[in-house]
Amino acid sequence: QALLYALDRQAMIQAIYFGLGSVAVGTMPVLSWAYNPDAITLKYPFDTKKAGDLLDGADWKMGSDGIRAKDGKKLSINFWTSTASQQFVEDSQVMQQQWKKIGVDMKPNTEEWNAFIDRITKTFDFDIFLVGFSWDVDPDQTAMWATNSYPSGFNMGKYSNPKVDDLLKQGLATTDQAKRKDLYTQMQNILMEDLPNAVLFFTKAIQGVNKRVHNMFPNAVSNTFNAEQWWVDAS
């Protein structure tokens with residue numbers, strides 16, 4: 001929680017993503033019908049004082065070298081991301097700087113994509129890592145948060161909360177959209193308290209299309225959803 005409070009995520013979006021994105025509130029994408037930010041109780045705005053207070057309350061005391069320590073152990077973490085994304089590399093640099101301000105020594109590490117994927121899905125050799133992902137059209141997030149989504153899913157941190165498991169199952173057992181939205185809101189509020197992973201932001205992408213291409217309509221889920229209707233000028 002302290003690490004997330006210490007990140008100025010809006011500034012990161014402006015500086016690294018050219019303003020093309022939104023700070024995540026909960027875990028649901030902004031475009032999802034289950035997006036319900038007003039009902040999310042913990043939103044984690046940028047607040048370095050709150051971050052410091054949380055670390056103080058957990059007995060991580062600031063040392064004379066500017067790094068916190070507890071029981072003789074420095075608050076130092078190894079951070080991993082992939083060189084496949086220059087934006088992730090820049091994110092890690094900003095995160096290192098912002099976390100240092102609250103007394104956290106973050107050591108950034110980068111590696112090529114295949115080695116990175118092996119690290120986070122096979123060896124699980126990390127303290128913390130940054131990766132991007134996309135949700136499907138349906139708001140079910142079982143692959144990320146369910147107990148049984150380790151090790152084959154995206155639950156790389158072995159998160160396990162029976163209440164979250166139950167809410168995910170209930171969400172898949174009904175077609176009532178309003179009920180599902182409420183169930184997923186309850187789930188998010190538990191997740192934002194437990195905070196096994198921090199969803200930082202939802203970014204946007206810019207794509208160029210040749211003027212010869214006709215009948216291609218932007219779609220937030222799939223760029224090729226109506227590919228069978230495209231046609232191209234001969235010249």
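Predicted model: local features only at pLDDT ≥ 70, side-chain atom pairs only at ≥ 80, totals over all residues.
**The whole protein**

The protein has 8 helices and 10 strands. Its C-alpha trace spans about 70 × 45 × 35 Å along the principal axes. The chain has 235 residues, and buried residues make up 36% of them.

**Helix α5**

Helix α5 covers residues 113–123. Which of its residues are buried? They are Phe116, Arg119 and Ile120. Seen down the axis of α5, these buried residues fall within an arc of 75°, so they line one face of the helix. What do they pack against? Their partners are the strands β5, β6 and β7. The other side of α5 holds exposed residues: Asn114, Lys122 and Thr123.

Now look at the two ends. At the start of α5, Glu112 has a side-chain oxygen within 3.0 Å of the backbone nitrogen of Asn114. Asn114 is also one of the exposed residues. Just after α5 comes Phe124, with a positive phi of about 55°.

| Element | Residues |
|---|---|
| Helix α5 | 113–123 |
| Strand β5 | 76–82 |
| Strand β6 | 105–111 |
| Strand β7 | 128–129 |

**Helices α7 and α8**

Helix α7 runs over residues 162–172, and helix α8 over residues 177–194. How do these two helices lie against each other? Their axes come within 9 Å and cross at roughly 160°. Angles over 145 degrees count as roughly antiparallel. That makes α7 roughly antiparallel to α8. The crossing of α7 past α8 is left-handed.

Which residues meet where the two helices touch? From α7 come Lys163, Val164, Leu167, Leu168, Gln170, Gly171 and Leu172. From α8 come Arg180, Leu183, Tyr184, Gln186, Met187, Ile190 and Leu191.

**A closer look at Thr185**

Thr185 is found in helix α8. Is Thr185 buried or exposed? Buried means under 20% relative accessible area. Thr185 has 6% relative accessibility, so it counts as buried. Leave aside residues up to four places away in sequence, and Thr185 touches Asn36 and Ala39.

Note on methods
Residues numbered from 1 in each chain as written. Heavy atoms only, no water. Buried < 20%, exposed > 50% of the residue type's maximum accessible area, 1.4 Å probe, protein only. Helix = DSSP H or I, 4+ residues; strand = E, 2+ residues; numbered from the N terminus. Arc of directions from axis to C-beta. Contact = heavy atoms within 4.5 Å. Polar contact = N/O pair within 3.5 Å; in protein donor to acceptor, adjacent residues only side chain to side chain. Axes fitted to C-alpha atoms, helices over the stretch in contact; angles between N-to-C directions. Parallel < 35°, antiparallel > 145°, perpendicular 65-115°, else oblique. Left-handed = near helix turned anticlockwise from the far one by under 90°.
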